[in-house]
Each structure stands twice: as C-alpha cells, then as structure tokens.
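Me: Got a chain open here and want a quick walk through it. Can we go piece by piece?

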Amino acid sequence: MDVKKLEYPAKVMLAWAEAIGGNKQITEWLIKNGYTELGIFVYALKLDNDARKWLMDNGYPHLMALICAVERNKSAMEWLQRYNYSILEKMALAGDGDEDAFQWLMDNNYRDFAYIAKKIQFVKDDIEDRNNDPHYISFD
C-alpha cells in the first residue's frame, strides 16, 4: 500500500482542528477541497466504521493508527513507532491526556499538532464519558 504524506499549510491544519472540534461546515469544506482524508478523519475519530475503512483503503493507515493509538490500542502505537511516525505517536499520547507528550510537541515547534491533539482529546473524552454514562441513550 502506498502511504500518503501528511503535508498541509498552516490554515489547513487550523481547519482540521476546527473540524475535529465539531465544525461540520469546515469538515465538509475539507472533504470538497482536496483534503478529503482530514474530513474523513473526523468521522473516523467519532467511530464511523465506513470512515475508518476509507482511511485504510485510500493510503492513510497512519491516520487510522493515530486514532487507534489514542484509543489505547497498543499495536497501533507500536505501528506508529515501527514506521517512525514520531509526531503522530506524540499526538496520540497527547490526545490521550499525556502532558509530557503535549509539552514535547510544543517545545519542538509542533504547535499545530499539539492543538489538534487537544481537540482529539476533547472528542475522545466526550465519547468515553457518553459511553460510561448510564443515563445517556444513543439512537445512532
């Protein structure tokens, strides 16, 4: 499989963070303007199986590994390490609340990635809270 590179202008990184944070208009803008993988990532992060499959089938296993690593999947974290995706590994750790990883991103001038990791953490924590709330009923 050909793994695609993740190189984006700063404004696209900011748009990705906003999409992760829940801005549906920006998510759709990403999908329609050449950044389909970033828009699909948002759906995959929110447990959409079709989106997860799309990432894998279209050359973005590293984005799927990021999501799975945030979800504490050890083999996904090992995959990121094995294939030298150190930034995504730090993002996964920071997205799971690891402050040292977040600080590493900040200290090494990966502020955009640190910001995205915090947005991922917010979504992940929200999903976890809803899954653990016996009063929450999902009709999805």
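Me: Which residues are buried in α1?
Reply: Val12, Met13, Ala15, Trp16, Ala17, Ala19 and Ile20 are buried in α1. Buried means under 20% relative accessible area, exposed over 50%, and partly exposed in between, with a 1.4 Å probe and protein chains only. Helices (H or I, at least four residues) and strands (E, at least two) are DSSP runs, numbered from the N terminus.

Me: What am I looking at, and what are the ground rules?
Reply: This is a predicted model, where local features need pLDDT of at least 70, side-chain atom pairs count only at pLDDT 80 or more, and totals for chains, interfaces and linings use all residues. Residues are numbered from 1 along each chain as its sequence is written, and side-chain values use heavy atoms, with hydrogens and water left out.

Me: Is Glu18 buried, exposed or partly exposed?
Reply: Partly exposed, at 27% relative accessibility.

Me: What comes just after α1?
Reply: Gly22 takes a positive phi there, of about 120 degrees. Gly21 lies in the loop between α1 and α2 (24-32). Gly21 is partly exposed, with 39% relative accessible area. The C-alpha atoms of Gly21 and Lys119 are separated by 5.7 Å, though the two are 98 residues apart along the chain.

Me: How many salt bridges by that rule?
Reply: The count comes to 7. One of them joins the side chains of Arg52 and Glu71, at 2.5 Å from N to O. Arg52 lies in helix α4 (residues 49-57) and Glu71 in the loop between α5 (61-70) and α6 (74-82), so that pair ties together parts 19 residues apart in sequence.

Me: Where do those two sit, buried or exposed?
Reply: Arg52 is buried, with a relative accessible area of 13%. Glu71 is partly exposed, at 36%.

Me: What about Asp57 and Lys53?
Reply: Their side chains meet in a salt bridge too, at 2.4 Å from N to O. Both residues lie in helix α4, 4 residues apart, about one turn of the helix.

Me: Which residues form a network?
Reply: Arg72, Asp96, Lys124 and Asp125 are linked by salt bridges. Arg72 lies in the loop between α5 and α6. Arg72 is exposed, with a relative accessible area of 54%. Its phi is positive, near 70 degrees, in a residue other than glycine.

Me: What is the phi of Leu47?
Reply: About 75 degrees, positive although Leu47 is not a glycine. Leu47 is found in the loop between α3 (36-45) and α4. Leu47 is partly exposed, at 42% relative accessible area.

Me: New topic. What volume does the second largest pocket have?
Reply: About 210 Å³. Of the 14 lining residues, the closest to its centre are Lys5, Leu6, His62, Tyr85 and Leu88. On a 1 Å grid over the protein atoms alone, a pocket is an open set of points where a 1.4 Å probe fits, with protein on both sides within 12 Å along at least five of seven lines; lining residues have an atom within 4 Å of a point. Grid points are joined across faces, edges and corners, and the volume is the space filled by probe spheres set on the points.

Me: Which helix gives the most to that lining?
Reply: α7, with 3 residues. α1 and α7 (86-95) each supply at least two.

Me: What about His62?
Reply: His62 is found in helix α5. At 1% relative accessibility, His62 counts as buried. Not counting residues up to four places away in sequence, His62 touches Val3, Lys4, Leu6, Trp79, Leu80, Tyr85 and Leu88. Contact means heavy atoms within 4.5 Å.

Me: Zoom out. How many helices and strands?
Reply: 9 helices and 0 strands. Of the 140 residues, 40% count as buried.

Technical notes: Salt bridge = Lys/Arg side-chain N within 4 Å of Asp/Glu carboxyl O.
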